[in-house]
Amino acid sequence: MDADALRRFGVPVLTGLAIAAGLGALVLLAGSVENSALFSQWQPWILLLALCGVMALGVLLARKLWQLYRDFRDHRPGSRLTMRTVMIFGALVIAPLIIVYLFSLDFINRGIDSWFRVEIRQGLNDALVLSRSALDLRLREQARRTEIFARSLRDLRGPELLQRLDEERRATEAKQIVVFDANGRASALSSDTPVAQQPSAPPPDVALQVAAGHSYVSLNPLPNGQYTIATAAPIADAVSARAAHRYVLIDYEVPQELSALAEAVQHTSSQYGDLSAVREPLKVSFQLTLTLVVLLTLLGAIYGAIFSAQRLTRPVQDLIAGTRAVGKGDFATRLPLPSRDEMGFLVQSFNDMTKRLRRASEEAMRSRQAVERERERLAIILSRLSTGVIVTDRELQLHSANQSAATILGGSFETAVPGASLAQFAAGNMRFSTFLDQLRARLQSGLDEWREQLTLPGEAGQRVLLWACTPLPDERERGGVVIVFDDITALLAAQRDAAWGEVARRLAHEIKNPLTPIQLSAERLSRKLLGGMNAEDASVLERATHTIVQQVDAMKQMVNAFSEYARAPDMKLSYFSLNHLITEVAELYRLQDPAIEIRLELDPELPEIEADRGRVRQILANLITNGIEALAGAGDGCVELSTRQQRAEGAATAVISVRDNGPGFRKEILGRVFDPYVTGKPRGTGLGLAIVKRIVEEHGGRIEADNRPEGGAKVLVFLPVSDQDRTLFAGSERRVELRRERA
Amino acid sequence: MALLAWPLATAPGLAAGPLDGDFEVRSAFIVVDRGVLQLNAHVQYPVNDLIRGALQDGVTLAFDLDLIISHRRRFWLNAHMLDMTLRRELTYHTVTDHYVLRNENGEEQESVPTLEEALDKLGRIEGLPILVASQLKGEGPWQVAVRAGVRRGRMSDAMRALMFWSDDWHRTSEWYAWTLTL
């Protein structure tokens, strides 16, 4: 049985045991009081039951006291009140109990002593002496009478003897007169009973005493309280020695009054003797009994005091516990109603109060939840917005900001707490710092509402933001503003792409057509006029027409490039090994310019990709050409090509990395290297990377350009491995694009 | 009450009392006379001045003779054929200076001048009819046991209950047992 079960069942079991033992002992005692033999038989069981009852009561009391002490020691709520109440109850019970006990002890001693006062004993002895004297007088009188009567029987025998016996019996009212012969046989009998009966044998000492010549007298008590006097005297027969052994035995009845008085004295003396014998044990018994009763009463009273005190203080303890629970925010606390008195009213008031508190708390909770839901909804909306939102005050202390704001500005607000300075998030971030400087300048100049375009510098190129500021309606006095901004860099690039596409189409259409007649005309002029001209003129003409033809060719190339840039996508997809294609193209360029090292680091695990082989070759050619051109004049120029497979958001992509150790992209064009007509080379159309970007995008891929930390340029091309990956990659790219657009 | 009474009653030092001395059933037997079982027994009771003094102070002593006739049963408790007690009283008659012997109901009474004579009379039970032979159930033999007891008599049971812890006027002899075969 575990401690909890012991605690739950132990007390009722012990209580039941104590009650049952006490009742059992009482029943056995009551049953055996009427029968001393039963009492002797049941005495051990009575003792055992009483012992069990006392032990159970003792255990219960000890448990209560220990519980009380433990509560007091642990400063349990209400324990001091309980202890005080118990002490008061105990004092109220113990003090009168002890007084009553002491008085009772004295009373018992005095009472019992009073039963055995000297005067009583003396009186009894006197009565006894008086009774004996009266009876002795009677005895002597009857003895003398018997002696006289015995002498009168001398030599009388037969009918004379019987007649004399009858006369004497009637005269003296004797009960019986018997004459015994020398053999102890009754020779004559006179009795007052109607039916003659055989006389009983005389006492043994009668014959002896009479034989010695003495008379005999004896007083005998009867069961009915009467007394008889037996007298005997020898009959002095003169004839023979044999006759001298005759004797007469007379039974006299003591008068009833005298017998009653003597019996009363005897009875009283006997009772007094009985009581006297138990005088001291009786006192001790009474004292012991009283002590035990007082002890049991005391134990019971203390137990009752503890029980009552606990019952009395239970509502107070409940109130304390309830108050603490309410203090901790548990408004569901309800206390049981102890009674309908003042304490009950107090508990009822407490319950009403907690009920009202709970209702108010629930209202507040609902309001908080509504506010929280609105805040979460706003946070979700803000987090999903591609637009950056920052709420701050004029001291540029952050109130709130969304993720897009951090993304666009290249920072992070993850550790931001309301009231934090925005400057701490801009440290080491050029774009964010510029944004913050611009914001500070405007706010300090008194502006609190604007909508403008803002260009921010960055290591990866410039970013163009469209930002607007609006003061918060209820924060105007405190200077709170909300800044909303969008990264429109991609939008502007797309607009430029679209514009350049239009230009390319127009160039292809409007310029390319006249170029062929111009070139043919120049060649015809040269052929027709060159033969009829002198050498000097011919030389001039030849140079002029040659220049025209060359420029027209150049223009054709430029127009073709534009045409290529503006052409409609028409891809022939097939599976091929990208590693093989790279190896093939690289080999061509190794042969073309052996001074430039072309190093390959190809991933052997790279699978075949599904793409337009010719366009991919064009990508590779443009990128290698750019690299080689960037390394022109460098002694240890090296172009590194590497491939690897990358899996992002379920889409498998082949990544082509082209790096050189040349001067890298100029910083001012780094963000626009894929724009048409943006080139870092002195001679170039500026369409190479633009075309590469377009081909990559036609394959659903992505291209990035950056400078290497150790020097040189780096271009990364991400191509989906298959059409399925293209779809997946497009999805992920749209998300990236969204983020990028946000940025 | 019992809590304090127990150690007092069982304390070795308090065991010595007025009834100390020779106290035993010397002999006992049963004779069958015309179909009636009659008990004959000789009990030795202690004699001393404490008893004499107590009697002369008015104390009444009760003399019990317990008799049990049982039949042994296998695998079960013995069957009691007879369970009886012969109860007699001894008092000192102050007025007549005699010792008075009575039976339980006081119908029969005998007075003797000396304590020794009184105890001798109490200790000799002769021809006490106890049972008719036909009342013995089952087949013999039967177990017979006799025990004598002395206690303070004429004390009310309530008083006896009150003083049970200190009553040293109570003693019983060992059982005197034998097998009865008819």
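Start with chain A as a whole: of its contacts with a separation of 6 or more, 60% are between residues 24 or more positions apart. The model is predicted. Colour chain A by secondary structure, which comes to 19 helices and 17 strands. Chain A has 743 residues, and 26% of them are buried.

Next, select residues 256-277 of chain A. This is helix H7, with 22 residues. From its first C-alpha to its last, H7(A) reaches 31 Å, close to the expected 32 Å.

Within H7(A), show the side chains of Ser259(A), Ala262(A), Glu263(A), Val265(A), Gln266(A), Ser269(A), Ser270(A), Gly273(A) and Asp274(A), the buried residues of the helix. Turn the view to look down the axis of H7(A): these buried residues fall within an arc of 165°, so they line one face of the helix.

What do the buried residues of H7(A) pack against? In chain A, select helix H4 (118-152) and strand S4 (227-234).

Now keep H4(A) and H7(A) in view. Their axes come within 10 Å and cross at roughly 145°. The crossing of H4(A) past H7(A) is left-handed.

To see the contact itself, select Leu124(A), Ala127(A), Leu128(A), Ser131(A), Ala134(A) and Leu135(A) on the H4(A) side. On the H7(A) side, they meet Leu258(A), Leu261(A), Ala262(A), Val265(A), Thr268(A), Ser269(A) and Tyr272(A). Colour the residues of this contact by type: 10 are nonpolar, 3 are polar and none is charged.

Note on methods
Residues numbered from 1 in each chain as written. Chains lettered and ligands numbered in written order. Predicted model: local features only at pLDDT ≥ 70, side-chain atom pairs only at ≥ 80, totals over all residues. Helix = DSSP H or I, 4+ residues; strand = E, 2+ residues; numbered from the N terminus. Expected span 1.5 Å × (residues − 1). Buried ≥ 20, exposed ≤ 12 C-beta atoms within 10 Å, placed from the backbone. Arc of directions from axis to C-beta. Contact = placed C-beta atoms within 7 Å. Axes fitted to C-alpha atoms, helices over the stretch in contact; angles between N-to-C directions. Left-handed = near helix turned anticlockwise from the far one by under 90°. Nonpolar A, V, L, I, M, F, W, Y, C, P; charged D, E, K, R; others polar.
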